[in-house]
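Subject: Structure handover

Hello,

Here is the structure I promised to pass on. Please open it first, then read my notes below with it on screen.

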Amino acid sequence: MNLPPIRDAATVIVLDRDTPQGPAVLMGQRGATAAFMPSKYVFPGGAVDPGDAAARLSKPLAAEQRRLLALDPIGEHPDLPEALAAAALRELAEETGLIAGLPGDAPQGWPLHAARGLAPDPSALIYVFRAVTPPRNTRRFDARFLLLDADRLEGDRNDFSAACDELSHLHWVPLTEARALDLPFITEVVLAEIAAIAARPGPLRGPERVPFFDNRGEVPRFSWLS
């Protein structure tokens, strides 16, 4: 059986720990006719585009996050950590209209950043989970889940007016309510990880070992990246 290729992808989980309902994450609903995960509530994200590795970033990734993102690549890409970070921030802007950036020159093809004079800032991204889509799916992704503190967003975090139409019903979902939504299985697993991280006092800290749900083969395998 010819399996579809596995594409590198990045998902960004924006966490607001200071809402009246407690910690909340930004989610939206995919369209009913979407080819991948129709009607499911998901975090913003998508596949790495060819230009992501070359996107100019305002700051570098944190060294430990870059090291972890470089572990066990499926494809061969020397700039994979930066490409993943750029993809996460680009998809965040496109799908929600929200930006994590600093004053500077926007990458080519990033209109929202250009309009506001901002260059994407990946320095606060925290790698928290990795999952490869199972073989039975028509589209397959090697998805890295990156956590971002909502305090790193520029502007009004409730203004989604510049979002594209890929996700509907964009809103901040309290962690206590998120698992009641129609979610992909892996999103439920990731939400449990985020709840544990959000409960820790002090600045956001990622796991010492990144959970990896590996579906490259016919038999799923769970491991840790460290």
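Start at His 169, which sits in strand S9 (residues 167-174). Helices (H or I, at least four residues) and strands (E, at least two) are DSSP runs, numbered from the N terminus. The phi of His 169 is near 55°, a positive value in a residue other than glycine. Most residues other than glycine have a negative phi. Asp 72 is not a glycine either, yet has a positive phi of about 50°. Look for Asp 72 in the loop between helix H1 (63-69) and H2. Asp 72 is partly exposed, because its relative accessible area is 33%. Buried means under 20% relative accessible area, exposed over 50%, and partly exposed in between (1.4 Å probe, protein chains only).

A word on ground rules. This is a predicted model, with residues numbered from 1 along each chain as its sequence is written, and local features need pLDDT of at least 70, while side-chain atom pairs count only at pLDDT 80 or more. Totals for chains, interfaces and linings use all residues, and side-chain values use heavy atoms, with hydrogens and water left out.

The whole chain

The chain has five helices and 11 strands. The C-alpha trace spans about 50 × 40 × 40 Å along its principal axes. Of the 226 residues, 49% count as buried. Now the contacts (heavy atoms within 4.5 Å). Among those between residues at least 6 apart in sequence, 67% join residues at least 24 apart. The accessible surface comes to about 10,700 Å², and 52% of this belongs to carbon and sulfur atoms. Accessible areas come from the Shrake-Rupley method with a 1.4 Å probe; for residues, only the protein chains shown count as cover.

Strand S8

Next, find strand S8 (residues 140-149). How many of its 10 residues are buried? Nine are, so S8 is mostly covered. Two strands pair if DSSP finds at least two bridges between them. S8 pairs with strand S1 (residues 6-16) in the parallel sense, over 10 bridges. In this pairing, Val 12 stands opposite Leu 146. S8 also pairs with strand S7 (residues 126-132), in the antiparallel sense and over six bridges. Here Ala 131 stands opposite Ala 143.

Salt bridges

A salt bridge is a side-chain nitrogen of Lys or Arg within 4 Å of a carboxyl oxygen of Asp or Glu. The count comes to 18. One of them joins Arg 144 to Asp 142, with the closest N and O atoms 3.2 Å apart. Both Arg 144 and Asp 142 are buried.

Another links Asp 214 and Arg 216, at 2.7 Å between the closest N and O atoms. Asp 214 counts as buried, because its relative accessibility is 4%. Arg 216 is at 28%, so this residue counts as partly exposed.

Then go to helix H2 (residues 80-96), where Arg 90 and Glu 94 lie four residues apart, about one turn of the helix. They form a salt bridge, with the closest N and O atoms 3.3 Å apart. Arg 90 is buried at 6% relative accessibility, whereas Glu 94 is partly exposed at 33%. Both belong to a network of salt bridges that links Asp 49, Asp 52, Arg 90, Glu 91 and Glu 94.

Best wishes
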